[in-house]
Amino acid sequence: MTVPPVEQDDLADPAAEFPQATRKQWRALAAEVLRRSGWDGSPDEAEAALTTTTYDGVTVASLYDAGDLPGASPAVRAVRGPGPWDLRQRHADPDPAVTREAIHADLENGVTSLWLDLNAIDPAALPVVLDGVLLDLALVVLDAGPRTAEAAEAFLRLAGTTAGGAALPGGNLGADPIGLAARTGATVDTGAAVALARHCAADHAGLRAITVDALPYHDAGGADAEELGCSVATGVAYLRALTGAGLTLEQAFGQIEFRYAATADQFLTIAKLRAARRLWTRVAEVTGVADGAGRQLQHAVTSSAMMTVRDPWVNMLRTTVACFAAGVGGADAVTVQPFDACLGLPDAFARRIARNTQSLLVEEADVARVADPAGGSWYVERLTDDLAGRAWEWFREIERAGGMAAALERLVPERLAVTRARRADNLAHRRDPITGVSEFPDPQERPLSRRPGPGLAVTSGGVPGVGLPVMRYAEEFEALRDLADAQPSRPTVFLATIGPVAAHTARAAFAANLFAAGGVATVTSGPGTDPAAIAEAFRDCGTPVACLCSSDRLYGEHAAAVAAALREAGARTVWLAGRGEYEGVDAALYAGCDALGVLRATFDELGVSR
């Protein structure tokens with residue numbers, strides 16, 4: 001059977017039968033949906049009502065079209081091309097034998113490179129840790145902080161022995177004196193880093209000496225453009241040091257690798273990695289390096305700040321989204337942190353899930369088969385461009401302050417402190433929700449335990465508490481959960497459910513969820529409007545804190561009377577689930593209220609010492 005050729009004109013336009021959609025129509029439909037939640041704006045205001053702003057001040061619109069596409073920026077595309085990224089797993093168990101076993105399990109099951117935390121593992125134990133590892137095949141990245149020179153010497157000596165004289169395929173010795181200063185407050189000294197870079201450039205083609213680690217700025221609560229600007233400023237500082245020591249520009253660029261955080265904010269992570277390549281390419285253009293020699297090598301690590309101790313199983317979902325975003329964003333290497341990493345040293349199951357997350361995305365989901373799959377998206381292209389612009393402004397501000405080393409003394413910490421405070425406020429008000437912790441906590445959760453150790457990729461490498469602070473988004477809520485768990489009896493709040501079940505179910509569930517975020521149990525009064533009956537149920541509960549739960553209509557009819565009855569029965573604090581002011585009610589609890597403040601006030605009223 002012969003199939004006749006199909007001419008282009010014979011192909012019907014699948015959209016031809018549908019009327020042309022307009023922005024005006026979209027606004028009208030959006031306004032209709034918004035009004036169901038109480039919004040009362042006009043259709044022309046609907047688009048602005050759905051617009052948000054990132055911590056960097058980048059506007060994220062509710063609708064994009066072709067007019068939002070910036071000019072062509074080919075430098076944002078990944079250079080690794082179609083094909084799998086490097087699956088890089090971190091090892092930080094101080095027991096050399098345990099680490100060796102874990103390394104072999106990783107390499108035998110899909111991992112392609114190793115990231116060794118030699119702040120936790122003694123560099124002298126490298127022969128044991130890497131026993132049986134074919135260093136002419138497996139990439140190794142070191143992270144040794146103040147022991148970088150010692151660790152590099154031990155590794156190079158071992159590589160010269162075990163690789164049989166073959167050139168190392170890649171990897172990094174991990175020198176990062178500016179990152180160390182950011183973590184610990186140490187004085188920046190680039191001497192050892194420069195010496196290692198000269199050695200690698202002369203004798204170890206393919207092996208890099210320097211890592212620009214942007215994780216300290218992310219872990220300190222910084223925003224994406226702040227992380228990018230600090231990384232570019234650090235990279236430029238290293239270029240100056242390396243070329244000042246005699247390396248060519250091409251050699252200097254070839255000695256530097258960048259490390260970034262990948263978060264569960266999928267699109268911001270994609271845009272950040274794309275913007276990072278654009279920024280570094282701009283540095284290469286300005287310095288006059290040969291085409292292609294200045295490309296940025298990226299290592300993406302799933303964020304430590306987003307990980308939770310409570311309901312750690314949800315971390316599997318966070319790291320899956322972050323890994324997907326890192327791969328789509330074009331990272332050359334990706335590290336997925338085990339779901340239990342913030343509990344201590346991960347167990348074998350958690351490590352297996354971490355590496356299989358990457359394998360699934362690469363082998364089954366085919367995420368790595370397409371180069372820059374987000375390229376051309378109106379949203380992603382605009383977000384990339386805006387983020388790069390903000391980061392470049394921040395980089396120039398750091399340069400005006402004398403460069404990254406000088407900016408670490410005051411400018412960078414002060415800037416990050418402002419962002420960290422804004423982030424903490426959003427977390428406290430649950431505008432930045434944390435699933436399983438500040439939203440939908442599991443009151444029956446049985447906490448996991450792990451062996452103590454640096455499970456998360458947040459290493460000090462020196463004296464703790466001297467450098468930039470380390471922030472984990474869930475820690476304030478989790479501290480209250482821990483405190484509640486430690487009490488002889490569970491802290492409890494009484495929910496005065498006014499009216500029939502249909503009238504109070506939604507707000508009672510909201511209030512119970514809010515209090516559960518702090519480990520506080522709730523007891524309900526049951527349906528009814530009789531203040532005396534509700535007060536009697538409150539007395540039986542034995543707590544001085546109550547919360548009214550019902551509809552706005554029933555609040556207007558009964559809130560004041562029920563609050564008065566509760567006060568008469570001994571209530572010292574009376575909250576109300578919803579908005580509005582009523583006689584006898586201390587404050588309203590609603591989406592976006594200060595949940596941490598409510599929980600702390602409740603603890604104080606219940607006599608739970610904080």
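Which residues are buried in helix 21 (residues 595–605)? In this predicted model, local features need pLDDT of at least 70 and side-chain atom pairs count only at pLDDT 80 or more, while totals for chains, interfaces and linings use all residues. Residues are numbered from 1 along each chain as its sequence is written, and side-chain values use heavy atoms, with hydrogens and water left out.

In helix 21, the buried residues are Ala-595, Leu-596, Val-598, Leu-599, Thr-602 and Phe-603. Buried means under 20% relative accessible area, with a 1.4 Å probe and protein chains only. These residues lie on the same side of helix 21, because they cover an arc of only 160° around the axis. The arc is that of the directions from the helix axis to the C-beta atoms. An α-helix has 3.6 residues a turn, so residues three or four places apart point the same way. Just after helix 21, Gly-607 takes a positive phi of about 80°. Helices are DSSP runs (H or I, at least four residues) and strands are runs of E (at least two), numbered from the N terminus.

Helix 6 (residues 177–184) is mostly covered, with 8 of its 8 residues buried. Among them are Ile-178, Leu-180 and Arg-183. Their cover includes strand 6 (172–175), helix 7 (191–203), strand 7 (208–213), helix 8 (215–219), helix 9 and helix 15 (404–407). Contact here means heavy atoms within 4.5 Å. Gly-185 follows helix 6, and its phi is positive, near 80°.

Asn-513 is placed in helix 18 (residues 501–516). Asn-513 counts as buried because its relative accessibility is 13%. Its side chain joins that of Glu-439 in a polar contact of 3.3 Å. Such a contact is a pair of N or O atoms within 3.5 Å; within protein, one must be able to donate a hydrogen and the other to accept it, and residues adjacent in sequence count only if both atoms are side-chain atoms. Leaving aside neighbours within four places in sequence, Asn-513 also touches residues including Arg-430, Ser-438 and Phe-440.

The largest pocket is lined by 33 residues. Tyr-55, Thr-263, Asp-265, Arg-423 and Asp-432 lie nearest its centre. A pocket is an open set of points on a 1 Å grid over the protein atoms alone, where a 1.4 Å probe fits, with protein on both sides within 12 Å along at least five of seven lines; lining residues have an atom within 4 Å of a point. Helix 16 gives the largest share of the lining, 4 residues.

Definitions and conventions:
Buried means under 20% relative accessible area, exposed over 50%, partly exposed in between (1.4 Å probe, protein chains only).
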